[in-house]
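Biologist: Please show the sequence and the structure, and then let us go through the contacts one at a time.

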Amino acid sequence: MGDFEKLLQKAEEIAKRIINVIKAGKKIALIAHIDADGIATASILIKAIYRKSGRFMVRVIGDLELQLLDELKESDYELFIFCEIGGGLVNEIIKRLQDRWIIIDHHKVSNEELSMDNVFNAWQFGFNGSVEICGAGMAYFIAIKMDENNVDLSYLPVIASLADRQDQGIKRSLISLNEKIVNDALKYGYLKVTTDLLLHGRETKPIHEAIASTTMPYIPNLSSNRDLCLASLTSAGIKLKDNGRWRTIAELSNEEKMKVVEVIIPHLSGAVNKKVEDLIGTVYTLIKEDENTPLRDAREFGTLLNACGRMGRASIGISICLNDRDQALQEAQKILEEYRQDLNRYLQIILTDQSRVIDNEMWSLINGDGLVNPNMLSPLASILATIPRFKGKLILVKTIMNNNEVKFSVRFGIDCEPFISLASLINEAATQCGGLGGGHDTAAGARIPLTNVEKFLEFISLKLRSLK
Ligand code: C5P
Ligand code: ZN
């Protein structure tokens with residue numbers, strides 16, 4: 001367990017620094033990562049700065065390019081706050097921005113970076129940033145030190161930590177500092193915590209559609225196959241309609257829910273108790289949200305934010321975090337649909353085109369070149385990690401970027417024990433190959449010059465072999 005007092009002390013120092021910039025009438029630039037956590041982190045700070053009448057701009061990006069740092073250097077902002085991005089590039093940031101920056105993060109970065117005053121990272125205080133707190137949680141602690149009324153933003157880190165798959169407690173619950181924030185959200189009446197089936201659209205979609213749109217875990221045959229879901233549920237004798245209206249999972253009795261589990265289980269791989277654990281767990285309901293929207297379930301809210309960011313529409317995600325429930329929500333639902341379609345298309349092609357997968361005894365390399373948009377690599381890798389085809393393997397998914405670089409996302413497949421920290425492995429491999437890499441113990445990513453891909457893979461193979 002880390003030192004929460006110390007973390008809060010540093011949050012307070014940063015809060016003061018931000019307030020001083022606002023009081024001096026100077027502008028703040030927020031640079032955020034495109035995933036749900038990055039968007040939520042930026043949104044918390046936007047709200048906190050706005051409430052103090054501060055001036056700011058936001059930029060949401062997939063990767064921090066040196067060219068952007070050059071541009072920032074020329075701009076007239078007083079303070080640059082990097083939200084969940086920038087780890088590994090601190091020396092480059094200092095070269096251009098001197099002392100005018102802060103990084104708020106939970107990624108595992110080098111001790112050199114952790115020792116810096118301008119870095120505010122969970123690992124500095126002995127917290128495991130992979131599971132105990134997300135970027136939005138770190139921003140939340142700053143926000144409540146800026147003004148205690150910002151406690152009303154506590155629902156945002158809950159969404160972000162679920163989106164970052166930090167639900168590693170019993171029954172897929174949030175733990176440690178995330179749990180503290182859950183308690184704030186409960187106390188202020190934003191949240192309800194229950195145990196239920198973890199299917200997408202639990203409260204909003206007809207049951208067959210809920211199963212078909214679930215991709216975490218990916219349910220071979222059923223994910224994205226509405227007709228088969230409908231047929232399987234009907235033949236299991238589950239009542240799907242009530243007075244002509246489709247029923248939802250949330251409306252089913254416990255007995256009926258178990259029947260739904262029985263329909264799904266044969267399609268999943270692995271031990272039965274593990275499969276049930278993946279399907280039944282802690283549900284975080286945002287009780288102030290409309291029951292008929294994907295914002296009601298915190299996991300779905302996170303998926304929606306991810307979709308907005310990764311489909312190049314992060315501003316819609318930010319608007320939703322800032323409470324726009326009209327135009328932005330409608331738009332976001334369309335984006336979510338396109339996002340799911342894109343991911344499904346990638347999956348279908350990868351799982352049928354054998355030339356896209358190379359296996360060896362330790363890893364499966366999945367080649368998304370010319371198919372997968374670099375911004376979509378990360379959610380694709382997370383889904384591939386739940387597919388039986390890659391059971392027991394380290395999963396390396398790659399796609400070519402447009403600047404002679406290759407992007408990698410790395411995950412553990414089903415039943416592949418996390419025998420090494422992926423953040424350290426990928427950081428070391430990328431650095432050896434003139435690239436940049438890092439992340440968390442169980443999810444990491446890298447960018448490598450195209451010419452060094454073979455070397456990168458060889459390094460990983462050698463390292464893994466030395467551990468066997
Ligand atoms: O890109 P992807 O989501 O697969 O990466 C997994 C994790 O590693 C993410 O949290 C991402 O922010 C992080 N990462 C990193 N440095 C990189 C690439 C990814 O810290 N160069
Ligand atoms: Zn994160």
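Modeller: What follows is a set of questions and answers on a predicted model.

Biologist: How many disulfides does a search of the whole structure find?

Modeller: A disulfide is a covalent bond between the sulfur atoms of two cysteines. The cut-off for the pair of sulfur atoms is 2.5 Å. With that cut-off, the number found in the whole structure is 0.

Biologist: Is C433 buried or exposed?

Modeller: Buried means under 20% relative accessible area. The relative accessible area of C433 is 1%, so C433 is buried.

Biologist: At what angle do helix α13 and helix α14 pack?

Modeller: Helix α13 covers residues 298–310 and helix α14 residues 314–321. On the α13 side the contact includes F301, L304 and L305, which meet a set in α14 that includes I316 and I320. By class, this contact has 8 nonpolar, 2 polar and no charged residues. The axes lie 6 Å apart, and the angle is about 145°.

Biologist: Which hand does the crossing of α13 and α14 have?

Modeller: The two helices pack with their axes 6 Å apart. Their crossing is left-handed.

Biologist: Which residue meets D152 in a salt bridge?

Modeller: D152 sits in the loop between α6 (135–146) and α7 (155–163), and its partner is in helix α2 (residues 36–51), 101 residues apart. The N to O distance is 2.7 Å, and the residue is R51.

Biologist: How many residues apart in sequence are the parts tied together by R59 and E71?

Modeller: The side chains of R59 and E71 meet in a salt bridge of 3.7 Å, N to O. R59 lies in strand β2 (residues 55–61) and E71 in helix α3 (residues 66–74), so the pair ties together parts whose separation in sequence is 12 residues.

Biologist: How many salt bridges does the structure hold?

Modeller: The pair D152 and R51 is a salt bridge, and D369 forms one with K398. The structure holds salt bridges to the number of 36.

Conventions
Residues numbered from 1 in each chain as written. Chains lettered and ligands numbered in written order. Predicted model: local features only at pLDDT ≥ 70, side-chain atom pairs only at ≥ 80, totals over all residues. Heavy atoms only, no water. Buried < 20%, exposed > 50% of the residue type's maximum accessible area, 1.4 Å probe, protein only. Axes fitted to C-alpha atoms, helices over the stretch in contact; angles between N-to-C directions. Helix = DSSP H or I, 4+ residues; strand = E, 2+ residues; numbered from the N terminus. Left-handed = near helix turned anticlockwise from the far one by under 90°. Contact = heavy atoms within 4.5 Å. Nonpolar A, V, L, I, M, F, W, Y, C, P; charged D, E, K, R; others polar. Salt bridge = Lys/Arg side-chain N within 4 Å of Asp/Glu carboxyl O.
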